[in-house]
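Student: Could you walk me through reading strand pairing and burial in a protein model?
Tutor: Gladly, let us look at one together.

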Amino acid sequence: MSFTIEQLHLGQKDTVEKTFSEADVLLFAEISGDMNPVHISESKAKKSAFGRRVVHGAFVSSIISALLGEKLPGEGTIYLGQETKFVAPVFIDDTILVTCEVISIIKDKNIVEFSCTIVNQHGNLVVEGVATVMPPKEAH
């Protein structure tokens, strides 16, 4: 399902959940080319500010794109931009909850802005930001 700009309203929101496995992190490292040891080496990550391996920030924030493209507005959405602030690390085996809420609708330009937050399984904020999209012209 998808929502056109006429079907969206301020305050409308949706969520998606994701648990990051070690295999996920290693695949993302391979695909992205980001082999920073803080993501892939337990011994080197122990010496980092985090004390253990962390999930790539870009991987964590990419789940926002999944929510916007699959659920709200959904199929046919065009992602125009994302402002992201990384508040706390996400560790391997953490489960995150992504929430996106409509905060601005510019009907004449077919643009919608979403407030985006990501919390971990403990309810701690790990990422916040604003996404800008063009919703589909037709509902699917």
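Predicted model: local features only at pLDDT ≥ 70, side-chain atom pairs only at ≥ 80, totals over all residues.

Student: Let us begin with E3 and E4. How many bridges join E3 to E4, and do they run parallel or antiparallel?

Tutor: Pairing is read from bridges, and two strands pair if at least two bridges are found between them. Here E3 and E4 are joined by 10 bridges and run antiparallel. For a position to look at, take Cys 100, which stands opposite Cys 116 in E4.

Student: Which residue in the hairpin of E3 and E4 takes a positive phi?

Tutor: That is Asn 110, with a phi near 55°. The hairpin has 4 residues between the strands.

Student: What does E4 (residues 111–120) do with E5?

Tutor: The two pair in the antiparallel sense, over 8 bridges. Phe 114, for example, has Ala 131 as its bridge partner in E5. E4 and E5 also form a hairpin, with 4 residues between them, and Gly 123 in its turn has a positive phi of about 85°.

Student: And which strand pairs with E5 besides that?

Tutor: Strand E2, residues 78–86, pairs with E5, residues 125–134, in the antiparallel sense over 8 bridges. In that pairing, Ile 78 has Met 134 in E5 as its bridge partner.

Student: Now for single residues. Is Ser 104 buried or exposed?

Tutor: The label comes from the relative accessible area, and buried means under 20%. Ser 104 has a value of 19%, so it counts as buried. This residue lies in strand E3, residues 95–106.

Student: What does Ser 104 touch, not counting residues up to four places away in sequence?

Tutor: Ser 104 touches Leu 10, Ile 111, Val 112 and Glu 113.

Student: How far is Thr 117 from Asp 94, in sequence and in space?

Tutor: Thr 117 and Asp 94 are 23 residues apart in sequence, and 16 Å apart in space from C-alpha to C-alpha.

Notes
Residues numbered from 1 in each chain as written. Heavy atoms only, no water. Buried < 20%, exposed > 50% of the residue type's maximum accessible area, 1.4 Å probe, protein only. Contact = heavy atoms within 4.5 Å.
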